[in-house]
Every structure is written in C-alpha cells, then in structure tokens.
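Here's a quick tour to read with the structure open beside you. Take it one topic at a time.

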Amino acid sequence: MRPTTRSGVSAVWRIATMLLLALGLATLLGGGPAVAAEGDPFKIAGNVQNEGEAIEGVSITVDGPGGPQTVETGPRGQWQVSVPESAEYTVVLDVDTLPEGITLDDPEDDTPETKEVTPNVPFAPKAVNFFIGEGDRESSAFATQLVQRLVQGINFGLMLGLASVGLSLVFGTTGISNFAHGEMVTFGAVIALWLGGTAFIGASLWIALPLAVLLSGLLGLAMDAVIWRPLRHRSVGVVQLMIVSIGLSLAIRYIFQYFIGGGTEQLPGSTPQKIDIIGPIRMTKVDIVSMVIAIIVIVAFALWLTYSRLGKATRAISDNPGLASASGIDVDFVVRVVWILASALAGLAGVLYAYYRPGIKWDMGTQVLLLMFAAVTLGGLGTAFGALIGALIIGIIVETSSLFIPADLRFASALAILIIILLVRPQGILGRRERIG
Amino acid sequence: MSSDASSQSGPPTLVPREKTTGLHVGEATPGCKKVDPIIVADNVRRSFGGVHAVDVDHVEIPRGAITALIGPNGAGKTTFFNLLTGFDTPDEGKWSFNDRSLAGVPAFKVARRGLVRTFQLTKALGLLTVLENMKLGATEQRGERFFTSLFPAAWRSQDKEIEERARELLVRFKLDAKVDDYAASLSGGQRKLLEMARALMSNPTLVMLDEPMAGVNPALTQSLLDHILDLKEQGMTVLFVEHDMHMVRHIADWVVVMAEGKIVAEGDPSTVMSDPAVIDAYLGAHQDVDLGVVTGRVAGDGADADASRHMIEEESNDELEREEKKR
Amino acid sequence: MDWGQIFNQSASSIISTTTIAYALAALGLGVHFGQAGLLNMGVAGFMAVGAYGYAISILTFGFPWWLAAIVALLAAVVFAMILGVPTLRLRGDYLAIVTIAAAEVLRLLLLTVAFEEVTGSADGLYGYSGDFQAANPIPDGEYGFGPWQFNQNELWPIVIGIVLLALAVLLVWAMMRSPWGRVLRGIREDEDAVRALGKNVFAYKMQALIIGGVIIAAGGIVYTLGSNASPGVYVTSLTFFVYTIVLLGGAATVFGPVLGAVIFWVLQFFLSNLMPALVDAGVLPFMTANQAGMVRFILVGVGLMLLVIFMPQGILGNKKEMTFVK
C-alpha cells in the first residue's frame, strides 16, 4: 500500500538528511552501504569476504565523532560509511550476523571484531579489513569485550558522576531540577576549546584546561548571583525555577551554537594509540589520565562533603533548609559555594567528555543531561553519593548494553532502566522512603 | 484513671451544652470498650526508620460524641489520623469504621464512606474560589464524571442544589461575604472554617479535625467551637487532635491521650486532665501554662501536678465564664 | 530590505499546519500542566506517537488515512496509560522524569536502524499522504487572499487541522467549566485535600493525562498529515518550545495555548526573515547569516525565563490565578 517506493525518493531523503544535519542532531544515519551522511568528507570502507567469497548482510558499526552508524555489507561484501572528521573511529563487526560456522580469526588480535581507524585523507576511503575464517567461535571474545566495555563504562560513569554530583547538590540545597546543567558541562568543553584549541587562542593544555574549570566555576557564581539568588529571595516555586532553568538551557545552548556553529571541534592532545594495561584491558593515554583525574576529584569532593564544615553545612541544608538556616548556617553563602562547585565539576566533566566522545559540540551537554538526571534519580534525589553510584551504574549500562542491543540504542537502555527502577524503588538506591509523595 | 464517666470528679465545670456521658463499658482504661464504638482499631503500628510513631494495641472511638485526641508533640496523633483515613499505610494492624474494615482502603474511599478529615496545615484550595471549594466537597456529583461533564444538561440541576447548600453552609460559617473570593485571600482562621464547612458538604458521619484551633485568630475561636458542637447536635461524631486544653475541656465528651505512639490514658475530660500520669506524659505545648515545664521538672510529684492542674482548671473556668457573659 | 515580504511571510504563519499542530500540542499540555498540574515533560513523545502512529498505520498496515488517525489517537491513550499507571501515584517530579525519559527512549527507538523497516530510521517516513490527498473534497484552485493563499492540496490539511483544533478547544472548554474541571483544578492546588473529599485523584489525573495526551498526539498528526514524519523533530527542545507557548498564552486558560502558538510562530517567522535580512543589509556587521538565524532560538530561551519569572499567568491568565503553587 506504499504509494511511493523508498528508492525513488532520494531527493526527499537528501532533504531530510540535510535538515537533520542542520538541526545538529546526533546523526545516527544508516540504511545501506555508502549512504551515511553523504556530505561528510571522510570515508571508512572495507570488504567482508571469507576466502574470496563475499558475505552479504553483515552488520558493521562505526562509532566516533558524529555518533555511531551501523551499515550492512552489500552483495559483494562491501561496506562504506562517511564520517565528519579525521579522528579515531571504532569499527565493530557484529559477529552474530556472520553466517553459521564462520568466525573472526586473528592470532595477533584479542578482539578481532573491533578495529580502530583514523581516516586522514578526505574522500579517499580508509580501508578496514577483518580476518575471517571458519571454525568455532571463541567465547573469550565476548568476555574480553565485556571487560573492555566495563572499563569504558566505569570511565564514562566517573565522568558522568563528576557532572551529576553537582546536579544533585543543587537539587538538594535549592530544590531546582536544573535543566541548564548540561550547558554547564558544554561550557567547560567550549572554554577549553577556546583557550586551548589551535584555531583559537592555542594556549598550552596545562593552562587551558585548569583555566576552563576555573571559568566554569565562575559561570556557576554568575548564574547564582544574577538568576538564582534573586529568585530564591522572591521565593519562586520549584516548578517555576525548573522552567526558568529550561529557558536558560535553551538560551545558553543556542549561544554556544552561535559562536562555535553546529559542527564538531577537537581538543588537541588526543592520541589514538591504546596501551595494554592488564589482560584484555587497553586504553588510550587520555582515557587513563581522565579516569585518574575523575577519581582524585571525586575522592577529594567526597572528603570535603563529609568532613569539612562547609560540606557538613551543605548536607544539613539538603536535609532541612529551614532548620539549617535557623541553626545559624548562612544558607546563601553555602548555596553560592554549591553553585560554584557544581559548575566547576560540570565544566571538568565537559572537558573529559570532550576527549571521551571525542569532540566538542554545542549540544554535547544536552545529550548527557538525561543520563545525569537518571544518575541522580537512581541514586535518590538530592543525595550526592547516590548520584555517584547512579552515574557509575548508568555509565556501565550504557557501555555494556551495546554488546546486546544495537549501539544506537545504548542511551535508550539506560533511560529504560531508569524508568523500570523508578517503578520498583521510586526513592532511588540511596534515597529515603519518605521522599515519595 | 479510676473514675466512671457518669460520676464526674473534680470541680463542676460550666458547660454551655450537655456533655455526652456513659460512653464506655467498665473501667476507663486505655483501650476500654465503648457502648457504641464507631471506630475500632487493633494493633495498628507504623514506624519511621525504627522509631514507632504509632503503636496502638486497641482503641475504640465512641459514636455520637466529641472525642479529643491529645498528647505531646511527636506522640503520633497526626500519624494515627493519617493511618485511619488511608493517607498513610501502617506496618500492620486493622481498624474498622461502622463495623466495616478500613484497612488498606484508599483515602478517597474512606471519605466516601462518610469519614472526612481536615488537615493540620489547612488545605484550602487557594486558587479556587470559596464557592468552588465548597462545591468540591459534595459527593456523587454527576458532573464530576468525565463523559457526563461534557453535557451540562446532565448535571446543571444537581450543581444548583449543591450551590444552594454550599451558600447556606457559608452563611452559617459567616463566609457568605467571601463567596467569590479566591480561598488564598482568606485569613488562617477563615481557611480553617472553610475547610470544615467543605468537609460538611459531603454529609459525613464522622468528622476528624486535625488541630482545628492551630493558627486561628482568637476572635474566631468561639465560633469554631460552636460549629464543632453543632456537628454533634446534628448527629455527627467528631474526633479531633488538639493542643489547646481549654478547647478540649469545653467541648470534648471523651479524651484519648497518646504518648510515644501508644494510648496512655482515656476518660472524660476532667478525669483525664487530673490524672497525674497524663500530666506527666503531656509535655506538650500548652500556650498559657507550660505544663511541660511545670510538671516535667518534678515528674510524678503529686503536689506539683495538683497545682498545675488547678491552674489549668481555673483558667478554663474563667474563660468559660467570660464566654457565658458574652452570650 | 523587503519589509513587505517579511511581514507577508510572518502573517502567513498565522494559518499553517505547523501553527495548528503546535496549538493542539499546547492545548493538550495546558490540560496537563495548567489545569491538572501534571508535569508532562514528554510532549515530544506524545506528538511522535501521533505522527508515527499515523504514518506507520498507513505505510505498514495499509489503513485509510482516517482510520490511521484514529489508531494514532488510540496509541496516545496507551502511551498515556503506560506513563501514568506507575507514576501518577508518586510525587509530581517523578512524572516529569519518566515522561522526559520515555519521550527520549521513544525517539531513539524511532531512530535506531534496528527497526528501519517500520520507522524509516533517521530518514523518517514519507510518501503516505496519497490516500489523504485523494480524499480531498476541495476543487482545484487557489484560495484565500493577501498573505494567506493556498492551493487545494495545501488547504486540505489546514482545514482538517482547524476542525480538529476547534473540536479540541470545544472539548477543553466544556470540561473545564464542568464540575470535572473543578476537581482537576482542585488536584492542581492540593491533591490530598481533594482526596480527603472522596475524589479518586488517581483516576482524575489519569483521565487528564489521557485527554491531554490525545490532544497533543492530534497535534502530531496534523504536523505530519501532508508531509513526512521525521525523528529529528521530536526532540526535547520541542517539548520546551511547547512549554514556552503554553506559558506565553496562559497555562490555565482554554484559549491561551492557541493564542500562544500563533504569537510564537509569527515571531519565529518574523525573526527568521528579519535577522538574515538585517545582516544582508549590513546592519549587523558582527554577525554571519547563520548566526543571525540562531538569534531567534536564543530569544526563545530568554523569553521563556522572563515569562516564568514576570508573567507566569500568561497573556490571557488571571494575575491572581498564577498556575504555580508548589
């Protein structure tokens, strides 16, 4: 009953694609061979053959800047994707789509189904070849992948945790569900780009990155001084505050796009080489540094929250703002510190996320906003440590779920699990039962 | 705790209207049987994080009378209210209203059975007008069902009747001048009155009032008391939580005392209030005479307890006389 | 600079399927947020259910267009129930989290290549309007005057859209002046108080979620009626734009959301024509044409903030009846 066949409407398709790109969406384009984002200059391609015999219908996922894309091999075993930039892409062949009895086999490589490539010449396809042979599938391949995904998940989770504790603290102390928190994440990355990007100021990363975190803290201070403190003093309701934060989020987001455009920019210093750590675990230098930084900051933050006077005051306000202010705590001061900290942590997370994705984009923070809300809700609204645990869970779910479901559904899996957990245990993992209405 | 309701001890009180007596069977001990109970609760327990907020073995609330539920702050009175009315779920226990079990019945069905309540912090619906607030109280409105609501012919006549009844009640509660004002513009006391009047729109059999006097302007106190006494005259049963001992003394026919979640005493007001154990337990917030300070310091000392008791009684007698003069 | 053309373009947006679709979505959100106090953050999800429910019914199941529209509305009922059953007993912000997450999950499901056969993945669905246009009773020709000129194919979806909008406005108006609407507004103020009066608060909230959801889904249908269904439309920003519209017109009013949609789109079109024209004319030397196009989105955000802070009742709302109580 279709009035028009799919193949005959490539013009419509092209318009739709252009619209999508214009909107700056995560372009999870796919469909057939060589159809992904035709405007993108760099190509990754290959042939899937078993001893000269082409294999059709094998699913291959390319992940990197511009988002994951999945293609299937054509009748001659060929496949190709277009990607927006010269950066490292992970190419994963879905072994489940190989015909019965055929498996990937490479004595040199523990993970023959995963390849890393960096297309460097525009329009010249970068070739990726998989070693294919007949035989039993090795079960270790899955275990290896799982371990690697777990490590990636922890990495992502720690980063998400950095961003989420701030969101949680702000919620706890002020009652604001801050939808502009994603923009605070983007802000750190954008400032880092502005200071350290070779096309901009081009300062040394040792100066640019700390300065970006510092300026992020200042953003928090400014937002509190200009918007949130006056509103607090007008005793504006929490729903109203939430919608104000939505407006703020929209405004800042498009201001970013105003300045950096809709494309993806790269921070300098990213190295594609992976280093062997233990067993199957391989990470890039940037990944390792990022994880170490995240762990140090989170531990420092936890110590601050638990033992310092200000940290205790923060938790007291989260528990009972009225009581805290009656017992002599300067609520305004503590809340200002919370905004500065939350914003600085979000900015740091933004810098790390820029390396993790990799790339800086005007809506990168918005993309993870819901994951941060999920982390905060999972952990129990308003409990900072719960948000950390929630973030780790979300990070691991996001990364490992792509082993079982299409890679473009990994964020969906985390959100679906959020919904399910809310239904079973609405107060979150560490939340108190009384929080339910 | 050893006297019968029928043979009142202590100085005679000046009661503007007859108190209902002879409500219980046998000794007036905590959890004693009532001649005609409207609520019977057994083993109702609710704990918050290990603390037993409510731990009631057995209690019966007499029908057709005004019962006061008193006790110090944190005694579990409001939690018990919430449990009885389905606004909170107990860890265990069962209770019945008019011989039908109410355990596990959701709050709105409890209300439909004729047990309506008010709240400690008034819940006047601020952005609805006073009249709308009142009309919301009426039950079984055809126009409140979704599909019939679309056809005004189906509900307009009933709505008119409800409006008439609402206006009558508002006149009685002296809120008729405010009919079209938003409830948010009312004073605290007027909101209490509105909440009570709204509860009456459903023609309840049992009205549960959570601190009806809290935050009420003294000028409105008498009218509120009269309204509560009116409820009894119209055949309703009243159960209320209150800190104001004058009020308890004036209008309650029966007093149940809670402390630390348990029922610690029951009886007619004068008996219960002269019970040293009650005064001990009651470290609550008496506005004029700080019972907590007077008796808590000398726990169990009969002489001091007597002294404080006399103070309270004299005070309430004085007030009663003042009120008599006003009439 | 061609002022005539700029004004013409802006005025033409008063009557367009986009404006009508947003007006429907805003009307439905008005029932949720303005009348019942439900924080539905999944407007984009409800619209996507309408749009894709309609398109998939035609493309995959071969239904006639009117049956497809009914199926899409029923799908919205199901979607509302899936969201409502678990969350309406919980505190309000849980509904917000679940609806925004569910809308996003739905969008990702529409986008994934795994279901490309049915959803069209990133290219969306198109080429399903043949049956709808075949049912067009309007004779060929040009209709209208001034900036509002349509041929029969453009006019047909607009007519259907206006009929749907009129029906929805009538429905909301009838509900809101009835005792049913009174209960709903009571719930918005304080649901425990209404519960204590013997009303089944959960049932009312569910009914409101369904009614509003169906109206929003109708907006999704009108949006896709004559063109295509694309997953890039149903992002969370769409939800926020609809919130802006509702708050602009007056959340607790019947006509506010419709007025808000008209003003919103006239302004959008005005700015999207004016700003690049100003850049072309050299008035804004520090901006590129692309940047000039960005300004109107920044203004939406700023406008939303100012609205909520300084005029939360909206244009048509009663100053006293601010919709925010908690």
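What is the mean pLDDT of chain B, and what percentage of its residues reach 70 or more? The mean is 80, and 80% of the residues of chain B get to 70 or more; pLDDT is the predictor's confidence in each residue, from 0 to 100. This is a predicted model, where local features need pLDDT of at least 70 and side-chain atom pairs count only at pLDDT 80 or more, while totals for chains, interfaces and linings use all residues. Residues are numbered from 1 along each chain as its sequence is written, and chains are lettered from A and ligands numbered from 1 in the order in which they are written.

- Over residues 1-15 of chain B, pLDDT stays under 50, and the model has 32 contacts for them beyond four places in sequence (two residues are in contact if their C-beta atoms, placed from the backbone, lie within 7 Å).
- Residues 283-305 of chain B also have pLDDT below 50, with 36 contacts in the model beyond near neighbours in sequence.

**Chain A overall**
- Chain A has 12 helices and 13 strands; these are DSSP runs numbered from the N terminus, with helices being H or I of at least four residues and strands E of at least two.
- Of the 437 residues in chain A, 51% are buried, where buried means that 20 or more other C-beta atoms, placed from the backbone, lie within 10 Å of a residue's own.
- Take the contacts in chain A between residues at least 6 apart in sequence: 73% of them join residues at least 24 apart.

**Two domains in chain A**
- Chain A splits into domain 1 (39-121) and domain 2 (146-435), with bounds from an automatic or database domain assignment.
- Their centres, taken over C-alpha atoms, are 33 Å apart.
- Domain 1 of chain A gives 13 residues to the contact and domain 2 of chain A gives 10.

**A sheet in chain A**
- Three strands make an open, mixed sheet in the order β6-β1-β10 (chain A); two strands pair if DSSP finds at least two bridges between them.
- β6 (78-83) and β10 (126-127) of chain A are at the edges with a single partner strand each, so one side of each has no neighbour in the sheet.
- β1 (residues 42-47) of chain A runs parallel to β10(A), joined by two bridges.
- A:Ala45 has A:Ala127 as its bridge partner in β10(A).

**Where chains B and C meet**
- Chain B puts 28 residues into the contact, and chain C puts in 25.
- Elements giving two or more residues to chain B's side include α3 (130-137) and α5 (152-172) of chain B.

Note on methods
Buried ≥ 20, exposed ≤ 12 C-beta atoms within 10 Å, placed from the backbone.
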